Amino acid sequence: MEIDDPNSNISDQISPKFSINVLQLLKSSQMQHGLRHGDYTRYRRYCTARLRRLYKSLKFTHGRGKYTRKAITESTVTEVRFLHVVLYMAERAWSHAMEKRQLPDGPNARQRIYLIGRLRKAVKWADLFSHLCSVKGDSRTSLEAEAYASYMKGNLLFEQDRNWDTALRNFKSARAVYEELGKYGDVENQVLCRERVEELEPSIRYCLHKIGGSNLQTSELLQIGEMEGPALDLFKSKLEAVMAEARSQQAASLTEFHWLGNRFPITNAKTRVAILKAQELEKDLHGPSADSLSAEKRLATFDKVFTAYHEARSCIRSDLASAGSAENVKDDLNGLDKAVSAVLGQRTIERNQLLVSIAKSKLTRRRDDKNEKVTKPEELVRLYDLLLQNTADLSDLVSSGRDRKPEEVTFAEECQLKSLAFRAERCFYLARSYSLAGKRSEAYALYCRARSLAENALNKFQTHSKTNQAMIKELKTLYDECRAYGCIEHATGIIEEVKAPENLSKKISTISLSGADKKVEKYLLEKLDLYESAVSESNVKAVPRIQPFPPALQSIPRNPIVLDLADSFIDFPSIENRMKKDKKGFISRLWG
C-alpha cells in the first residue's frame, strides 16, 4: 500500500504552475492596439496603460512621492498577472525602439543609441520573463517564454549589425520552438505559430546572407520584403539600407536620362539614385508580374514612385539654383527637369486610371467584399475631371519649347486623343448621375452627347493611334453603352410622362384633411395603462415617443369681461340749482 507524501501536496498547493498562451496574448494585443497599421506609438501607450492597471490591481505600486522600484522575483510571483507585468515591460521597450526606427528620415546617431538601449531593455525583461516562467509556469508557457527571449536577443543583434551567427542561432531557436508548438493545441494556436515561423524565416535568410552561407539575390530579398507582420519591420529597415547601397553602386553607371528621343546628362549622385529607385519601382508596375499585384499594392508602389521623382526634382532645382551663369549647364538641367516632370505626369495619369478602374468595379455592386460603400457616378466624374486636367498639363509641358522633335509632337497628339476619350467617359457618368436623380430629359441629352464624343474619339483613335487597342476597345464599349442607356432613358421618360396623371390621381385620392385614416402611434403619457415601451428595439431606427415637444396649444379659461350697459338707461336728477352763477355788471347787462 502506497502512501502519498503530504509535503508534495502542500508544495503543489503553495506554488501552483501558471499558464499563459504568450503568442496568442501578444498577437491579440498588437492587432487590436495599433500594429495592424504599424502604429507603434499607439501600442506603446497601450502597454503603458496596461502596466498601470496591473500595478494598481496587484497593489504593486512603487511608492508615493519618492519613486522606489520594487523588483519582481520568484517569491513575488504569486499570481499570473505578475508574469503579465514582466511581459508588457518587454513589449513596451520593444515598441518604443520600433517607434524610433520608423521615424520619417530614420533615426540619427543619438536616436539610434537610444533605440539600441531600448532593445537591450526589452532583452533584459524578456530574459526575466523566461526565467520566471521556467520556475512558475507550466512546460508550454516556459517554452513560449524561451522562444520570446530568443526572438528579442535576435532583434538586438540584428539591429546592431554584428554577431550574425549568434543572431542566426537565436532566430533558429525561436523558429524550432514555434514549429514544435504548431503541431499541438487548437487550430487558432497552430495558425499563429505557423505565421510566426513564416515571419522569422526572412530574418534567418538575411542572417545567412550576411554570414555568407546563402546566395540570395536582391530581387529575392525584395520578394521577402513584401511579406507583412510586426516581426518583419526590422528586416524591412535593413532591406531598405541594402537597397540604398545597391542603388548607389548602380547609379554610377546611370549617366543619362532618355526621354522622347532626348538625352539629358545626370551629374548629381542623389539625382541618379532617386531616378534609379523610381525606375526599379516602375518595373514592378509594368513588368510581367504587374497583373498579379493587387490594387492596394499598385497604389502604394505609385506613391513610392512619386516620392522618388519628387526627390529627383528637388535635387535638380537645387542644382539649378547653384549653377550660376553657366548656360549649358542650365539648359541641361532645365531639360532634365522637364523630362522628369513629364514622366511624373504620365505616372499620375496611370494612377488615376487605376483609381477609375477600381471605382468602376464597385459601381455595379451593392457592397464589395470588404463591405465598403458603393461608388457613385459623381466620384467617377471627379476622377475624369482630374484626368482631363492631368492630360492638359502634360500636353502643355511637352508643347512648351521652340525646337520640338517629332516624338514630342506625336506625344502631344496622343495626349489630345486621350483627352477626347476622357471627355466622353466623363459625359457618360455625368448622364448616369442625372439619371439617378430622376432628371430624364437632361440624362438623355447627355447620353446623346457622350455617344457623339465617343464616336468622334473612336474615329480619331482608329486613324491616328491604331496601336492603342485597349483604348479603342473601351471606346467601342462606351459607344454601345451610351446607345443602350439612352434608349432606356428615353423609354423610361415616356413611361413616366404617360403615368404622371394616374400617379397624380392616386396621390390626390389618398389625401385626408382629418388624418383619421393614418395610424399615428400614441405617446407614452397617453398609454400608461398599456405597459408598452416607448423606446423601440435596437435594430429599428425610430425616435422614442415619450411626449411631444414643443407641446400643442390648448384652450384655457380666462377672467370674464364686464360691460357696464345700465349707464345708458339711468335718468340722473338736475343739479343746475347747485351750480354757481356768474354775476354780470351794468355795462355787460346793456350789451349782453
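Predicted model: local features only at pLDDT ≥ 70, side-chain atom pairs only at ≥ 80, totals over all residues.
I take buried as under 20% relative accessible area, exposed as over 50%, and partly exposed as in between (1.4 Å probe, protein chains only). Residues are numbered from 1 along each chain as its sequence is written, and side-chain values use heavy atoms, with hydrogens and water left out.

**Entry 1: A176**

I looked up A176 and found it in helix α7. Helices here are DSSP runs (H or I, at least four residues; strands are E, at least two), numbered from the N terminus. A176 has a relative accessible area of 42%, so I log A176 as partly exposed. I then checked A176 against A147. The two are 29 residues apart in sequence, and their C-alpha atoms are 8.5 Å apart in space.

**Entry 2: salt bridges**

I call a contact a salt bridge when a side-chain nitrogen of Lys or Arg is within 4 Å of a carboxyl oxygen of Asp or Glu. My count by this rule is 20 salt bridges.

I opened E201 and R175. Their closest N and O atoms are 3.0 Å apart, and they form a salt bridge. E201 sits in helix α8 (residues 187-211) and R175 in helix α7 (residues 164-181); the pair links distant parts of the chain, 26 residues apart. E201 has 29% relative accessibility, so E201 counts as partly exposed.

Next came E199 and R196. Their side chains meet in a salt bridge at 3.4 Å, N to O. How far apart are E199 and R196 in helix α8? They are three residues apart, which means a separation of about one helical turn. Both E199 and R196 are buried.

I moved on to D337 and R317. They form a salt bridge, with the closest N and O atoms 3.4 Å apart. D337 lies in helix α13 (residues 327-363) and R317 in helix α12 (residues 295-321), so this pair ties together parts 20 residues apart in sequence. Is D337 buried or exposed? D337 is buried, because its relative accessible area is 12%. R317 counts as partly exposed because its relative accessibility is 43%. I also noted a network: salt bridges that share partners join K27, R196 and E199.

**Entry 3: helix packing**

Two packed helices are described by the angle between their axes and the distance between the axes. I fitted axes as lines through C-alpha atoms, for helices over the stretch in contact, with angles from 0 to 180 degrees between N-to-C directions. The axes of α14 (residues 377-399) and α15 (residues 406-436) come within 8 Å and cross at roughly 165 degrees. That makes α14 roughly antiparallel to α15. My angle classes are roughly parallel under 35 degrees, roughly antiparallel over 145, roughly perpendicular from 65 to 115, and oblique for the rest. α14 passes α15 in a left-handed crossing. Left-handed means the near helix is turned anticlockwise from the far one by less than a right angle; clockwise is right-handed.

**Entry 4: E489**

I located E489 in helix α17. E489 has a relative accessible area of 4%, so I mark E489 as buried. I checked E489 against A445, 44 residues apart along the chain, and their C-alpha atoms are separated by 9.7 Å.

**Entry 5: L563**

I found L563 in the loop between α17 (469-509) and α18 (586-591). L563 is exposed because its relative accessible area is 65%. I561, L563 and L565 make a nonpolar surface patch of about 390 Å².

Technical notes: Patch = residues over 30% accessible without salt bridge, like charges linked within 9 Å, V, L, I, M, F, W, Y side chains within 5 Å. Areas by Shrake-Rupley, 256 points an atom, 1.4 Å probe, with all protein chains shown as cover.
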